[in-house]
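Please walk me through this protein model, beginning with the chain as a whole and ending with a single pair of residues.

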Amino acid sequence: MKKFLPLFTFLFLSATFAQAQFFLGLRSSNYGGITNVNYNPAIADSRFIADINLINFGFSAGNNYIGLDGKAITHPSIFSNFDKDVNLHERLNGRAKNAYIGLQVQGPLSFMFSFGKKNKNAVAFSYHANMVTNVDGIDQTLSQIIYYGVGTKATPFFNQSFSDRNIAIRTMAWADYGVTYSRVVLDQGEHMLKVGGTFKLLQGIGATYLYSKNIQYEWKNSETLSINNSDLNYGHSDNFNFTDNYKFKFNFDHAAPNFGGDAAVVYEWRPKKDKYKYEMDGVKDLYRKDKNLYMLQAGF
């Protein structure tokens, strides 16, 4: 059992978002380019004429149990002499603990390009491999056992019976392939409005789940765990072979393609945009690309 504790500790140090979002620092920027497409497809009026991705990896994780001391943000030197008992804090509120881990890879040569007067139009093609894992309903006592290890000073839980309800662990991996079109539909005075949409082909890669409505357990010692009067349900996609050393076959044979889409609108209020206007080679009403023309931007 001990060999699984580092894995569970990693899971609980990792996750807590309800939905996966990746590349957030880049996607909040006006220079996200093709990376922004999966976040908000209203990409017209881009800073780029063209943007081609080599490869992107995004990782997102969190939990509602273990948190990092806020001082680590203002004092990065803490990491050079890190002490988990000092710099990490538990949220001991008696509630169930949840965790999340997500990964996204944007495929090589995903691209976008802008065209038309003032880059009013944009088209893009992008594809991604995605994976998410959710761990939900872990009782606080079990969370402490996973974090500290059973039988330690912090968790002296030998020869005590415990129960937990509605534990769920779910993992899914899938791919998506999208074609995007975006256009500026209003650019008058202080107001600019752009819209965009992505049509996606979705393809399952693999999935598995484990769920227990009720589990009762007792630690006899640090090496012996007894589970009694419990129920356990699990399932997996057909490309997991649990009878052959738990091998996973990477193919799409058992997942029919599906379809989806994203739609978005972005509004910008530009009361001082003329401050950044210039003329070059006889062309008037050009605006600096290195400056934000808006005072307020809102996306939906």
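This is a predicted model: local features need pLDDT of at least 70, side-chain atom pairs count only at pLDDT 80 or more; totals for chains, interfaces and linings use all residues.

Residues are numbered from 1 along each chain as its sequence is written, and side-chain values use heavy atoms, with hydrogens and water left out.

The protein chain has five helices and 17 strands, taken as DSSP runs (H or I of at least four residues for helices, E of at least two for strands) numbered from the N terminus. Of its 300 residues, 38% count as buried, meaning under 20% relative accessible area with a 1.4 Å probe and protein chains only.

On the surface, Ile52, Leu109, Phe111, Phe113, Phe115 and Tyr181 form a nonpolar patch with about 570 Å² of accessible area together (Shrake-Rupley method, 1.4 Å probe, only the protein chains shown counting as cover for residues). Such a patch joins nonpolar side chains (Val, Leu, Ile, Met, Phe, Trp, Tyr) within 5 Å, from residues with over 30% relative accessible area and no salt bridge, the latter being a side-chain nitrogen of Lys or Arg within 4 Å of a carboxyl oxygen of Asp or Glu. Its largest share, three residues, comes from strand E6 (residues 111-115).

Tyrosine 181, in strand E8 (residues 161-188), has a relative accessible area of 40% and therefore counts as partly exposed, the class between under 20% and over 50%. Asparagine 121, in strand E7 (residues 121-138), is buried because its relative accessible area is 7%. The side chains of asparagine 121 and tyrosine 181 make a polar contact at 2.6 Å, that is, a pair of N or O atoms within 3.5 Å, of which, within protein, one must be able to donate a hydrogen and the other to accept it, and residues adjacent in sequence count only if both atoms are side-chain atoms.

How values were computed: Patches are made of residues with over 30% relative accessible area and no salt bridge: like charges are joined within 9 Å, nonpolar side chains (Val, Leu, Ile, Met, Phe, Trp, Tyr) within 5 Å.
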